[in-house]
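Welcome, and please have your viewer ready with selections by chain and by residue number. We will go stop by stop, with a word at each on what to pick and what is there.

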2 protein chains.
Amino acid sequence: MRSFISLNEALEILNENVDNLDIEEVDLINGLNRVVSENIYAQINNPPFNKSAMDGYAFICNNGELINKRLKIIDKVYAGGVCNNIVSEETAIKIMTGAPIPKGANAVIKQEDVVIEEDYIILRKNINENENICIKGEDILQGSLLLKSNKKLNYADIGILASSGINKIKVYKKPKVAFISTGDEVIDIGFELKEGKIYNSNKYSILSRLGELGYDVKYISHINDDSKEIGNCIEQLSKKVDLIITTGGVSVGEKDLLKEAIDITSGEKLFWKINIKPGSAVLCSKINKSIILSLSGNPTAALTTFELLVKPTLEKLSGYKEIKINREKAILLQDIKKKSPQRRFIRGYVEIDNYRQYVHITQTKSGNGILSSAINSNCIIEIEVNNDGKSKGDLVDIIKL
Amino acid sequence: MRSFISLNEALEILNENVDNLDIEEVDLINGLNRVVSENIYAQINNPPFNKSAMDGYAFICNNGELINKRLKIIDKVYAGGVCNNIVSEETAIKIMTGAPIPKGANAVIKQEDVVIEEDYIILRKNINENENICIKGEDILQGSLLLKSNKKLNYADIGILASSGINKIKVYKKPKVAFISTGDEVIDIGFELKEGKIYNSNKYSILSRLGELGYDVKYISHINDDSKEIGNCIEQLSKKVDLIITTGGVSVGEKDLLKEAIDITSGEKLFWKINIKPGSAVLCSKINKSIILSLSGNPTAALTTFELLVKPTLEKLSGYKEIKINREKAILLQDIKKKSPQRRFIRGYVEIDNYRQYVHITQTKSGNGILSSAINSNCIIEIEVNNDGKSKGDLVDIIKL
């Protein structure tokens, strides 16, 4: 097991130890937020046939003078219908938006550009060949690449696949997740707060964050400070789930139990402690094929390491190619005076003003367990190792939530 | 009914006709993405008691010289425990991170800053009063405002409320939504694509978008071009749901049926057609207390008006104070040559480069039904009424998806 490593080293170890889950086939309607396991190509042309873009009349356009041309209306065709009549030089077929262009016709004149006289139309405008026609395949050609492998599906992707008639897709399985909070001091909401106890906020914030990211939690548990019970629970869960998240029991005190708990399992510890603040106390283990990320019981530390380690791990399990943190740049709106030898993460609020991205700090108090900094925050500001503080106007890295 | 109105007028009409839904009480664990209906204040101090920030020894610190001071260890206290012994000038109590500070003590010295000699510690560092103590209420004071009314709850909010022991919250009811696609030309995926037919992509993209935004759809239906059947269905659903979304049947042709359908209901039409492109063909109606937004059958138009009208309507139903579109600015990465008398919306991809927000157009082909423009897009670029086109480098408004 490696100890006191950098964040990048931790991510590398995770990348080596976490694989994409198996592939399964699902109905398209259940495909939202799933990651496709293969390139997907258009099955059909879109539109699938030449169709009218307007309500009007389909006729043969010779690109000559059309004004005052008189054509006999011989049929009409609605969207969804088919017209068996053929347009000749002297005839036109009434056509609705979305209807297939009748045989022979090569243009559609809008209904407001003709005058109707009994069974005839008189053209009132010159138009060109193919005008007001959506040509078969002009939007998406059959066989063209719609989506690349390892793409997470959003609503627009689902719509594109539906338009091509694709109703089954191959995706990576969804990770099965378990959450265990630990600690004698932790009690659940709804119970009386006795002396020396605190409410279990980690359970609620972490389960909600998993919900925001679209993951389901299969097992939720709280275990008091008993390394044997914690170890047994983790061993059992490791046979059923892909990722186990624990909180608490990873500091250095006498009651820091997660290392002891892992020791009694069949698994191995991958790393212990990373050089960041908050969140340095984190233990990563692997039992069977299951990854265990043991976060601090301190809410701010737990939520920071969740974003840095748990979220990318879940993404790779779900089908992303690699474990990676997405960073952007923003202009800092106030000074950060404190120097730090460690890589630091501070809660912030990022906003676009005009076209520039700015960030301000939402943490107004200093301290490790400062929950209030999460109120109204939408990003984490990252301050690099061995910094001398930061000044208003500096460019900083941010990780959006 | 008002016709051919501006987008702002349409939003004003919606704002007048859409109210927040009723209020209900839910368990906190089910509170994600719900909108609170009242200000929420901290029920307790956080931390709820003075607690140790470190593993170490609690003692009485007089701010004088401490080095070589010798104190007898008389007890120890773990997180979650309570210590009944009182610290005196000559004694110390071993304390773990998160444990309550014993009576009498006013500082904690870290375990690495002492030397242990049998039952005694010898201090090796000068520290100040309150050092390594998290003072009761220093993070969040009892009675302070945690969340403002009408805020949509994210995972951090849920965690903050849990830390205060709040397990029931008052929120606005979730909107009940129905979706009806219409059109003889539309067939569902999984069926053979016959001549003149197209696959129903709107159903899949709109249901998925509702899923992304956290809304449940209670009824899903497809009805062919039969105004009576559509009208009856809408009338029935209007008694059960808060919002009905329809697609198709809102153009001007003979088979444009939604207006006819609404006419046979007990409801009223609020507006018809807005001066935007794509998506001008949209009908808004109200039956009983239910809003009906009838979007174009053209996928690009439907998805644009979804973002402009349906999403803000759902937000107000869910508890937002008003119907509003959120716009940001971005630097355009290519020319848009086409002039337009209408307000236009073009699919784009927005990205931060360094700290600047840039947008490029994902729509490479022109035309109304261009589904492919949605591939890899994450925003809609808005071009104002009566523009002369736009140039690379211009600032444009964008609406993020």
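Start by colouring chain A and chain B separately and looking across their interface: the count of salt bridges there is 0, where a salt bridge is a side-chain nitrogen of Lys or Arg within 4 Å of a carboxyl oxygen of Asp or Glu. This is a predicted model, in which local features need pLDDT of at least 70 and side-chain atom pairs count only at pLDDT 80 or more, while totals for chains, interfaces and linings use all residues. Residues are numbered from 1 along each chain as its sequence is written, chains are lettered from A and ligands numbered from 1 in the order in which they are written, and side-chain values use heavy atoms, with hydrogens and water left out.

Now show the polar contacts between the chains. There are 10 residue pairs of this kind, both residues at pLDDT 80 or more; the term means N or O atoms within 3.5 Å, within protein one able to donate a hydrogen and the other to accept it, and residues adjacent in sequence counting only if both atoms are side-chain atoms.

Helices here are DSSP runs of H or I with at least four residues, and strands are E runs of at least two, numbered from the N terminus.

How are the two chains related? A rotation of 180° with 0.0 Å of shift along its axis superposes chain A on chain B, with an RMSD of 0.1 Å, so the copies are related as by a two-fold rotation axis. Centre on Arg356(A), whose C-alpha comes closest to the axis of all chain A residues, at 2.4 Å. The copies meet through the same surface, because 100% of the interface residues of chain A are also interface residues in chain B.

Last stop: pick Glu328(A) and Lys400(A), whose side chains form a salt bridge at 2.8 Å, N to O. Glu328(A) sits in strand 23 and Lys400(A) in strand 27 of chain A, so the pair ties together parts 72 residues apart in sequence.

Key: Least-squares fit on C-alpha atoms with pLDDT ≥ 70 in both. Contact = heavy atoms within 4.5 Å.
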